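This briefing treats side-chain interactions, grouped by topic. Please consult the sequence and the structure shown here alongside the points that follow.

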Amino acid sequence: MADRNEVDSRSPEESTPGTNDGQRSERSVTTPASGGGVDTATTEREAETERDAEPSTADADPAGTEEAVRADSEGLIGSEAGGEAGALEDRFTGGTATTDSAGETTAEGSRQDKSSDAYHARVVAAAGTPTGLFNGLLKELRPKQWVKNILVLAAPFSAGELWAVPTLLDAAVAFVVFSMAASGIYFINDALDVESDRAHPTKRNRPIAAGLIPLPVAYAVCGLLLVGSLVISGLMSMGLLAVMAVYVAVQLGYCFGLKHQPVIDLCIVASGFLLRAVAGGAAAGLEITQWFYIVVAFGSLFMVAGKRYAEVKLANETGAKIRKSLRAYSASYLRFVWAISAAIMIMSYSMWAYDIRQQDNSIWGVVSIIPFVIGILRYAVDVDKGVAGEPEEVALKDKVLLVLFGILAGCLFLAFYL
């Protein structure tokens with residue numbers, strides 16, 4: 001689906017392929033002869049101008065979408081609870097929707113377009129049924145997001161304790177409690193934003209907004225997940241309980257309004273990655289070096305600033321409305337943040353690598369600087385293109401980045417375990 005701004009900016013001489021050519025031929029046959037004083041070419045150009053001034057069927061919004069976008073006080077993108085940039089791209093590109101030669105959206109495209117009324121009707125059809133509730137709960141847990149929790153292995157890996165069974169069990173518990181807490185935050189965030197989500201062309205398909213999960217059930221599940229994560233953490237260790245308590249408190253503050261505060265929202269999202277990395281060490285009682293904290297902290301800020309930069313750039317290109325905190329950011333400011341974060345991260349990692357060489361008498365720590373720096377520069381390419389969504393999505397889509405990550409992991413493995 002073409003961008004509305006792009007549609008409105010086309011000159012009268014441009015035409016939609018497969019549509020206007022046939023219309024011009026028909027109009028040429030039916031237009032009265034010039035003997036009546038009518039200029040056929042002028043009439044065609046005027047009619048063509050009128051057609052281009054209005055969006056075609058393929059470019060038009062689904063019914064009520066324009067009003068829904070205006071009614072969405074939080075904007076199309078920027079809510080950390082999931083998929084903003086991807087949802088915006090789906091909104092303006094029509095997802096995988098296809099068009100026929102006349103420019104009409106096909107039935108298949110209507111079903112695939114997550115902003116279409118047909119897709120929304122299919123989602124809400126299961127509301128009020130046990131199957132719909134089960135599927136809604138499963139989707140709202142967002143298990144795909146749990147991949148972030150693999151960061152709990154960072155501290156045990158860097159401490160050379162990854163193969164110790166007790167350490168692995170402790171890290172597994174940290175993974176579970178973080179998954180529970182993160183899913184609980186998704187429930188409370190979507191429950192609080194249910195009204196604005198229902199006015200949004202794509203977020204209305206979320207389980208709570210679509211009615212698959214009643215609000216009382218959403219709050220109850222949220223409470224069970226958050227309290228359960230804290231109870232399990234307390235039974236494990238006081239260090240893990242402290243980390244999880246900070247994470248839950250910070251994320252609840254984010255949901256209840258801090259996500260609209262510029263800079264604060266960047267720090268909160270970045271802290272989520274840092275706390276995941278710290279949790280693995282806290283669960284196993286491992287000592288964590290200052291270099292580890294610095295590298296992970298500024299690495300998290302680098303990824304979050306890049307994600308926000310992609311959102312702002314995408315919004316500027318499409319003309320979409322964004323929420324309050326993102327309005328305070330310019331693209332140049334976010335580029336400054338992720339540039340300085342990358343510089344501090346690379347410097348800190350280099351110091352850490354030389355520290356590893358002194359302690360373990362291994363050259364592989366220093367060698368790992370090469371794939372690390374190249375990987376950061378490669379990730380920066382994705383950020384600069386404005387396509388950096390969730391960090392794990394960027395990494396999985398960029399094969400070169402995956403190879404660099406594998407080389408980095410191999411170098412560190414040799415440094416810590418050889």
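Asp265 and Arg308 form a salt bridge (a side-chain nitrogen of Lys or Arg within 4 Å of a carboxyl oxygen of Asp or Glu), with their closest N and O atoms 3.4 Å apart. This pair links distant parts of the chain, 43 residues apart: Asp265 lies in helix H14 (residues 264-284) and Arg308 in helix H15 (residues 290-318). The model is predicted, so that local features need pLDDT of at least 70 and side-chain atom pairs count only at pLDDT 80 or more, whereas totals for chains, interfaces and linings use all residues. Residues are numbered from 1 along each chain as its sequence is written, and side-chain values use heavy atoms, with hydrogens and water left out.

**Salt bridges**

- Asp265 is buried, at a relative accessible area of 0%; buried denotes under 20% relative accessible area, exposed over 50%, and partly exposed in between (1.4 Å probe, protein chains only).
- Arg308 is likewise buried, with a relative accessible area of 0%.
- Arg308 also forms a salt bridge with Glu311, with 3.2 Å between the closest N and O atoms.
- Arg308 and Glu311 are separated by about one helical turn, because they stand three residues apart in helix H15; helices (H or I, at least four residues) are DSSP runs, numbered from the N terminus.
- Glu311 counts as buried at 1% relative accessibility.
- A further salt bridge joins Arg378 to Asp398, the closest N and O atoms being 2.9 Å apart.
- That pair links distant parts of the chain, 20 residues apart, with Arg378 in helix H19 (residues 369-384) and Asp398 in the loop between helix H20 (391-397) and helix H21 (399-417).
- Arg378 is partly exposed at 32% relative accessibility, whereas Asp398 is buried at 7%.
- The structure holds 12 salt bridges.

**Contacts of Arg204**

- Arg204 is found in the loop between helix H11 (194-198) and helix H12 (215-236), and is buried with a relative accessible area of 12%.
- The side chains of Arg204 and Asp117 are joined by a polar contact of 3.1 Å; such a contact is a pair of N or O atoms within 3.5 Å, and within protein one must be able to donate a hydrogen and the other to accept it, while residues adjacent in sequence count only if both atoms are side-chain atoms.
- The side chain of Arg204 also reaches the backbone oxygen of Pro201, at 3.2 Å.

**Aromatic rings**

- Rings of Phe, Tyr and Trp (its six-membered ring) pair if their centres lie within 6.5 Å, and planes under 30 degrees apart count as stacked, over 60 as edge-to-face and the rest as tilted.
- By this rule there are 14 aromatic pairs.
- Tyr329 and Tyr333 are stacked, because their ring centres are 5.8 Å apart and their planes lie at 5 degrees.
- Tyr329 is buried at 6% relative accessibility, whereas Tyr333 is partly exposed at 32%.
- Tyr349 and Trp352 form an edge-to-face pair, because their ring centres are 5.9 Å apart and their planes lie at 85 degrees.
- Tyr349 and Trp352 are separated by about one helical turn, being three residues apart in helix H17 (residues 331-360).
- Tyr349 is buried at 4% relative accessibility, and Trp352 is buried at 11%.
- One aromatic cluster is formed by Phe157, Trp163, Phe413, Phe416 and Tyr417.

Notes
Helices (H or I, at least four residues) and strands (E, at least two) are DSSP runs, numbered from the N terminus.
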